[in-house]
Amino acid sequence: MIFSSITFLYFFIPTVILLYFILPAKAKNLLLLIASLFFYAWGEQLLVFLFIASIFVGWVLGLGIEKKRTCTMGKVLLWFSVAFDLGILIYFKYTDLFIQSFNQITGLSIPLLKIALPIGISFYTFQLLSYEIDVYRGTVPAQKNFIDFATYVAMFPQLIAGPIVRYSDIENQLKIRSYSFEKAALGIRRFVIGFGKKVLIANVLGEIATHFRASTQPSVLFYWMYAVSFMLQIYYDFSGYSDMAIGLGKIFGFDFNENFNYPYISKSITEFWRRWHISLGSWFRDYVYIPMGGNRKGIFRQLINIFVVWMLTGFWHGAAWNFLLWGIFYAILLMIEKLFLKKWLDNHPVAGHLYTIIFVLFGFVLFNANSLKQTATDIGGMIGIGNLPLTSFETLYYLKSYALIFITGIIGTTPLIKNCWNKIKNTTFAAIAEPVLLAIILILGTAYLVDGSFNPFLYFRF
């Protein structure tokens, strides 16, 4: 089940919200847990048992780690928990990649296991790891109530594609949180905005890639249209999902941290990664980069730490070597900025913004390729390799057809709309216009879904 589906919008979530506000406070977490497991099992009928088992083991290990934290056994339990969580993630996500790579190197033909990837496993694994590590560090107490702990891990608003919610951020909210019709209204507003970003912008931009791959008239301009459309699509897809997750959290009284902050206005790659997928970046910073020494052991060690973190970040995103290269690509850029380039970029913001957009654009071409060969073909097409024409009749047709969505998408990546709204939000016009606009977004998005059009979530594959 996905947020942008008729089943979720008009059956699942209204039922859950109605029951949530009817039931007494003591029953609310249990309702959220049952609803979350049902939500997960909708698409993962068998793997939901693996999910439940992972939650139970994490809960038991958390209790053991806290009890033995000051002695050697505490560290043993911590390392066991890390090995257990990462072992499951590696088995389900990377086994076939390793077998395939081994076959290519050795010439053997070991059959692939064709293991189904559990939805959201990368996200909930990191939540379990952060909890267990924080318990060992003594920064949070172990959760004694299994229902509350399971609710934290399984909570359906952020289960499938984040943001990665740390236990320390909502520890108190699991027991005591404020929920009201006013806060629910704010949550619905945020959800509808995210729904519109996903369905009315990201999905339409995704159609361009479909047309591009099916094209018999490739051109340099068409390659650039494809690259820009995917760069915009992945932003609206993932930030739209995060908006919906944050909005749903508010409906149930939870305050999740922001996950995006206008990343495409950045003036360096360093700034970009402080604004994009914030929960993932901060997770790697606090649980990998800083424990490795961060910037405390000299510049050479810091560069090694950056390289390792970004190799892991790339590999976290998917079981393909292009993701690893994507991580290395950003590691190199970040190391160059750390050595000398960042100071120059800070003093030349226009050049810095152009530099950032270009490298992020090429980075997403690498990110979205099905193979390294396709990466080379796509980048080659963008720079005119292969005697491609600059444009074609088909290219101009699609450029004209999607011009409005390109313009809308580009404007929406800046704070312009938000700033304009802030100037009028307390006026009578805004009070009337806001519910009307939200209703229009919901109606148009629903019509798009009923039509049965293109409707994937890009981050489900991770």
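Helices (H or I, at least four residues) and strands (E, at least two) are DSSP runs, numbered from the N terminus.

## Model and overall fold

This is a predicted model, in which local features need pLDDT of at least 70, side-chain atom pairs count only at pLDDT 80 or more, and totals for chains, interfaces and linings use all residues. Residues are numbered from 1 along each chain as its sequence is written, and side-chain values use heavy atoms, with hydrogens and water left out.

The protein chain has 20 helices and zero strands. Its radius of gyration is 23 Å, close to the 23 Å that the globule rule gives for 462 residues, so the chain is as compact as a globular protein of that length. That radius is taken over C-alpha atoms, and the rule is 2.2 Å times the number of residues to the power 0.38. The C-alpha trace spans about 65 × 65 × 50 Å along its principal axes.

## Largest cavity

A cavity is a set of points, on a 1 Å grid over the protein atoms alone, where a 1.4 Å probe fits but cannot get out; a pocket is an open set with protein on both sides within 12 Å along at least five of seven lines; lining residues have an atom within 4 Å of a point. Grid points are joined across faces, edges and corners, and a volume is the space filled by probe spheres set on the points.

The count comes to one cavity of 30 Å³ or more. About 40 Å³ of space lies in the largest cavity. Its lining is Ser54, Phe84, Asp85, Ile88, Ile121, Tyr124, Thr125 and Leu128. H5 gives the largest share, four residues.

## Largest pocket

The largest pocket has a volume of about 1400 Å³. It is lined by 36 residues, and the closest to its centre are Arg189, Ile193, Lys197, Tyr262 and Ile417. Helices H9 (181-214), H10 (220-251), H18 (403-412), H19 (416-424) and H20 (428-450) each supply at least two lining residues. H9 gives the most, with eight residues.

## Ile17

Ile17 sits in helix H1 (residues 6-22). Ile17 has a relative accessible area of 21%, so it is partly exposed (buried means under 20%, exposed over 50%, partly exposed in between; 1.4 Å probe, protein chains only). Ile17 touches Ile251 and Phe252, not counting residues up to four places away in sequence. Such a contact means heavy atoms within 4.5 Å.
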